[in-house]
Amino acid sequence: QFQKPEDAIKYRQAAFTLMGTHFGRIAGMAQGKIPFDAKIAQANADVLATVVNLPYTAFGEGTDLGDTKAKPAIWKEMPKFKELAEKMQTEVGKLQAATKTGNLDQIKIAVGDVGKSCKACHDNYREK
Ligand code: ASC
């Protein structure tokens, strides 16, 4: 799928950057740092719901070395890593549903749960 390990590393980093950008806009609204606009929240959640599926095709064998913050533990504990990824994807699905209601209180709860699911993986599998 990827020609070189560096290509996979760049690809997954690009996907994580997009996740951070689109989640960050919704989180900013939840935190009152960005004015709440239900339509914009929904549009960002729709993009987020797609891009959360992208990074995990790019953690193949041999992509553990290079310019990456990914810890070797990922490849030693791939089922656990994938489980945390799926948990995050589930929480993003709930966030997407919450943005469709336009209810900021529901969005705030879902943002908190997505944030926890990001952090759960970072704690074990990403270099600082
Ligand atoms: C973000 C972002 C993350 C998560 C994480 C939540 O907006 O870029 O990596 O939220 O900070 O704990």
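1. The shell around the ligand consists of two nonpolar residues, three polar ones and one charged residue, where Ala, Val, Leu, Ile, Met, Phe, Trp, Tyr, Cys and Pro are classed as nonpolar, Asp, Glu, Lys and Arg as charged, and the others, Gly among them, as polar. The model is a predicted one, in which local features need pLDDT of at least 70 and side-chain atom pairs count only at pLDDT 80 or more, while totals for chains, interfaces and linings use all residues. Residue numbers run from 1 along each chain as its sequence is written, and side-chain values rest on heavy atoms, with hydrogens and water left out.

2. The residues that surround the ligand are G20, F23, G115, C118, K119 and H122, a residue being near a molecule if one of its heavy atoms lies within 4 Å of it. On its own the ligand has 310 Å² of accessible area, of which the protein covers 56%; such areas come from the Shrake-Rupley method with a 1.4 Å probe. Two or more residues of this shell come from each of α1 and α5, and α5 gives the most, with four residues; helices here are DSSP runs of H or I with at least four residues, numbered from the N terminus.

3. At G115, a polar backbone atom lies 3.2 Å from an oxygen atom of the ligand.

4. The largest pocket has a volume of about 530 Å³, and of the 26 residues that line this pocket, R12, F16, M19, H122 and R126 are the closest to its centre. A pocket is here an open set of points on a 1 Å grid over the protein atoms alone, where a 1.4 Å probe fits, with protein on both sides within 12 Å along at least five of seven lines, and lining residues have an atom within 4 Å of a point. The volume is the space filled by probe spheres set on the points, which are joined across faces, edges and corners.

5. The lining of the largest pocket divides into 18 nonpolar, five polar and three charged residues, and α1 (5–30), α4 (78–101) and α5 (104–125) each supply at least two residues of this lining.

6. H22, which belongs to helix α1, counts as buried because its relative accessibility is 12%, the limit for buried being under 20% and that for exposed over 50%, with partly exposed in between. The side chains of H22 and N44 are joined by a polar contact of 2.9 Å, that is, a pair of N or O atoms within 3.5 Å of which, within protein, one must be able to donate a hydrogen and the other to accept it, residues adjacent in sequence counting only if both atoms are side-chain atoms.

7. D105 has its place in helix α5 and is exposed, with a relative accessible area of 53%. Although D105 and A30 are 75 residues apart along the chain, their C-alpha atoms are separated by 8.2 Å.

Technical notes
Buried means under 20% relative accessible area, exposed over 50%, partly exposed in between (1.4 Å probe, protein chains only).
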